[in-house]
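Hi,

Here is the structure I promised to pass on.

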Number of protein chains: 4
Amino acid sequence: MLEPVLNKTREKLMLATEHLLYTDGLARLTTRAIAREAGVAEGALYHHFKDKAALLLAIVRDRMSDFREMLDGLPLQVGQRTVRENLEQVLQTAYGSQHKIAPILCSLFADRKLLASVQKTLAECGAKPQYPVEVVAAYLAAEQRLGRVAQDIVPRAAAQSMIGGGFHAAVFDHLLGQELSAASPRRRAQETVRTALSGLEPRVSDTCPVRATGA
Amino acid sequence: MLEPVLNKTREKLMLATEHLLYTDGLARLTTRAIAREAGVAEGALYHHFKDKAALLLAIVRDRMSDFREMLDGLPLQVGQRTVRENLEQVLQTAYGSQHKIAPILCSLFADRKLLASVQKTLAECGAKPQYPVEVVAAYLAAEQRLGRVAQDIVPRAAAQSMIGGGFHAAVFDHLLGQELSAASPRRRAQETVRTALSGLEPRVSDTCPVRATGA
Amino acid sequence: MLEPVLNKTREKLMLATEHLLYTDGLARLTTRAIAREAGVAEGALYHHFKDKAALLLAIVRDRMSDFREMLDGLPLQVGQRTVRENLEQVLQTAYGSQHKIAPILCSLFADRKLLASVQKTLAECGAKPQYPVEVVAAYLAAEQRLGRVAQDIVPRAAAQSMIGGGFHAAVFDHLLGQELSAASPRRRAQETVRTALSGLEPRVSDTCPVRATGA
Amino acid sequence: MLEPVLNKTREKLMLATEHLLYTDGLARLTTRAIAREAGVAEGALYHHFKDKAALLLAIVRDRMSDFREMLDGLPLQVGQRTVRENLEQVLQTAYGSQHKIAPILCSLFADRKLLASVQKTLAECGAKPQYPVEVVAAYLAAEQRLGRVAQDIVPRAAAQSMIGGGFHAAVFDHLLGQELSAASPRRRAQETVRTALSGLEPRVSDTCPVRATGA
DNA sequence: AATGAATGAGCTTTCATTCAT
DNA sequence: GATGAATGAAAGCTCATTCAT
């Protein structure tokens with residue numbers, strides 16, 4: 001009665017589901033297990049969600065909201081602050097979200113029903129380019145036009161690398177059951193952006209006898 | 001008698017499995033369906049593979065062999081040819097393999113038994129750094145020591161981006177059911193390497209007068 | 001509402017299982033057959049029992065409860081009533097129980113999983129001497145110390161014979177599909193005890209002139 | 001060629017089967033396991049035996065031959081030597097055989113097809129009273145008529161106890177996975193016979209003053 | 001005689017979903 | 001809204017037996 005929101009069955013089901021997803025994986029995510037973890041009856045799930053797929057979808061949407069907001073705001077940052085700051089902020093959020101939704105997203109391969117649901121939802125939910133890589137690529141292209149990004153790079157390739165790198169790390173973290181991508185989202189975002197910005201090619205300043213690492 | 005190899009039951013099972021995996025997903029990948037698709041009895045599967053997990057593993061291993069070989073040869077390329085050539089070659093192979101194995105890899109999230117099997121196999125199959133990102137990162141670090149790669153970038157971040165970008169593209173291609181990553185592996189590898197090499201920061205040669213992005 | 005207990009699914013499953021066990025044997029005792037016989041769905045079995053082994057174990061335990069109680073009370077009878085009465089009572093109960101559980105017990109040989117389950121349960125269920133022969137042997141030894149049983153006999157041999165004789169009869173009754181041990185448990189208990197008490201050696205009173213059997 | 005008998009496939013199959021039966025139980029006694037253990041192909045079994053049941057039956061018959069001979073000779077011992085000697089010899093052989101065939105016999109409960117086979121075989125193989133208990137009971141009755149056994153005991157009860165006791169011990173030895181019936185067949189036979197001969201009732205010679213045990 | 005890949009019916013078990021209470 | 005027993009289809013896997021070689 002004191003926590004009218006958190007104690008709601010619907011909320012309990014979502015929290016329980018998320019918890020089980022991270023601890024046991026989708027294969028063990030049975031409606032029975034969810035109900036037990038949530039402390040409610042099995043049937044209760046069907047009062048709040050059409051079916052199991054709807055429950056998962058609700059979680060994906062909920063856990064992506066931060067990221068979505070960040071993406072929605074990215075076009076407004078074109079020409080603002082520094083490219084470095086903008087990219088770091090977006091990647092940091094992306095890496096956090098990816099860690100949460102990667103296992104769910106990947107699991108979709110195992111269940112065509114869920115996959116179909118999500119495909120439909122993804123298609124109808126976003127007006128235009130709801131796909132993170134697209135948004136970042138569009139941002140980079142816009143900055144390119146402003147001269148704040150090099151002319152000879154491929155925006156989509158850069159976006160794909162930075163976003164995709166985080167996704168890959170998240171997937172393998174879960175796959176191998178440990179934190180392989182050792183660093184925090186924040187640090188990884190910084191390193192990734194710094195590396196992407198300066199490029200791999202050695203600078204003139206790199207006088208082979210080594211001048212090294214800082215600007 | 002003209003195709004003594006392809007007509008073997010074992011081969012038929014692997015091909016059927018791969019086909020079903022791409023068309024129906026792991027959820028529909030029942031031993032019964034595999035047998036029907038392969039045109040053999042269900043029990044035959046268990047003559048050639050310990051269980052369903054072993055069958056999937058065999059496919060993953062088989063489809064990754066090109067990639068694996070490429071990775072194994074990468075350390076030998078340190079200091080050879082150009083960094084661009086080496087990276088392009090490795091990424092092209094990676095992108096091709098990823099397209100084949102990403103859905104299988106992701107599906108593992110849905111089945112702890114399969115996951116456990118694969119983790120064991122992955123652990124024992126590779127002597128040391130069997131993880132592609134590690135290999136590429138090690139390569140970049142080596143080139144860095146030779147002065148063929150900029151001193152101030154983070155090898156691991158670069159490797160993670162380039163390899164992970166391809167993985168992400170493969171996953172979403174399959175997820176959304178279409179070729180989102182429009183370009184061919186070859187073209188994507190080239191674009192990715194070019195972008196990564198030169199970096200996002202605008203060059204002095206870049207006509208734009210702006211000072212841009214730096215710290 | 002008059003028989004609230006017997007109509008319960010759990011009860012129906014146990015009765016159906018017992019019935020099938022006697023009519024068809026363990027080999028035909030499939031979960032499908034049990035469900036059909038009980039008039040419930042196959043899945044219902046798994047609401048009431050962890051698995052098939054647990055169901056069988058429940059039956060064994062239930063059908064042995066009479067016997068178990070009798071055994072538990074036996075130590076208290078030492079020195080009470082007559083040895084004849086005590087043994088007759090225990091054997092009568094034993095013979096009844098054995099007829100019910102012998103086929104189940106024997107069937108365990110055919111299924112290591114069931115066997116392991118039962119061994120565990122048997123080990124943990126009984127405080128100390130849960131093995132009938134031990135209990136009866138201990139009783140006889142106690143009576144021996146009171147002088148109510150001959151000094152020169154081996155209590156364990158006597159117990160093994162009396163208990164084991166019933167078991168053997170039960171097994172072969174079921175094996176040969178007919179009532180070979182013609183007499184009722186009561187009558188058999190009486191005959192066995194009378195024979196065991198007086199011994200095979202001819203008495204002086206036995207009119208026959210022969211001296212016979214001695215060492 | 002040097003060991004023309006033991007190297008025969010048929011012999012190897014029987015030995016392998018017996019070995020597996022004692023180590024793994026009937027549940028693990030698959031035709032594949034037998035073939036592997038025997039070092040022959042799976043199909044070979046069906047060249048030498050009609051089916052798996054026939055193989056088991058052959059083993060039962062073979063391993064009981066000692067006991068069978070002993071039983072067949074028992075009627076001829078009536079009035080010969082001492083009752084004690086005759087019983088000890090028969091029981092010692094019985095206890096040895098029972099240890100070998102008890103697990104097979106019991107396993108029959110799990111397979112009606114095998115059971116039916118054996119019932120048929122048992123029925124047709126013995127002219128008259130092929131059932132051990134019957135034979136021993138008949139022997140005791142005969143000795144009773146000669147006055148070498150007490151008049152007031154029930155031969156069938158005595159036979160059932162002595163034979164059945166051994167069977168029970170053999171079954172539980174296998175069931176519990178250890179040698180519970182600690183003593184050797186020889187020693188157990190001696191103790192059983194001594195106890196059965198003298199009876200449980202205390203003798204006058206027994207120092208204890210009590211009169212005890214029933215009318 | 002011997003082989004062993006192939007068969008396929010049949011097993012135990014799981015689990016999303018329903019519905020009477 | 002909440003409950004949880006019941007459902008029953010479908011899964012992965014086993015194994016006695018056959019048969020082309």
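Between chain C and chain D, about 6200 Å² is buried, with 65% of that on carbon and sulfur atoms. Keep in mind that this is a predicted model. Chain C puts 72 residues into the contact and chain D puts in 72 residues. How many salt bridges run between chain C and chain D? The count there is zero, although over all chains it comes to 29 salt bridges.

Chain C goes onto chain D with a rotation of 179° and a shift of 0.1 Å along the axis, at an RMSD of 0.2 Å. That is how a two-fold axis relates two copies. The same surface is used by both, since 97% of the contact residues of chain C recur in chain D. If you want a landmark, take Gly199(C): of the residues of chain C, its C-alpha comes closest to the rotation axis, at 1.8 Å.

Now the salt bridges within chains. In chain A, Arg63(A) and Glu18(A) meet at 2.4 Å, N to O. Arg63(A) belongs to helix H4 (residues 52-63) and Glu18(A) to helix H1 (residues 9-24), so this bridge ties together parts 45 residues apart in sequence. Both ends are buried: Arg63(A) has a relative accessible area of 14%, and Glu18(A) has 10%.

Compare Glu42(A) and Arg32(A), a salt bridge at 3.3 Å, N to O. Glu42(A) is in the loop between helix H2 (31-38) and helix H3 (45-48), while Arg32(A) is in helix H2, 10 residues away. Here the ends are partly exposed, with 36% for Glu42(A) and 38% for Arg32(A).

Over in chain B, Arg63(B) bridges to Asp62(B), with the closest N and O atoms 2.1 Å apart. Arg63(B) is buried at 13% relative accessibility, but Asp62(B) is partly exposed at 40%. Back in chain A, shared partners join Glu18(A), Asp62(A) and Arg63(A) into one salt-bridge network.

Last, the rings. There are 10 aromatic pairs over all chains. One of them, Phe167(A) with Phe172(B), is edge-to-face, 5.7 Å between centres and 65° between planes. This pair crosses from helix H9 of chain A to helix H8 of chain B. Phe167(A) is buried at 3%, as is Phe172(B) at 11%. Ring pairs also link Tyr131(A), Phe167(A), Phe172(A), Tyr131(B), Phe167(B) and Phe172(B) into a cluster.

Cheers

Notes: Residues numbered from 1 in each chain as written. Chains lettered and ligands numbered in written order. Predicted model: local features only at pLDDT ≥ 70, side-chain atom pairs only at ≥ 80, totals over all residues. Heavy atoms only, no water. Phe/Tyr/Trp six-rings, centres within 6.5 Å; stacked < 30°, edge-to-face > 60°. Helix = DSSP H or I, 4+ residues; strand = E, 2+ residues; numbered from the N terminus. Buried < 20%, exposed > 50% of the residue type's maximum accessible area, 1.4 Å probe, protein only. Least-squares fit on C-alpha atoms with pLDDT ≥ 70 in both. Contact = heavy atoms within 4.5 Å. Buried area = accessible area lost by both parts, 1.4 Å probe. Salt bridge = Lys/Arg side-chain N within 4 Å of Asp/Glu carboxyl O.
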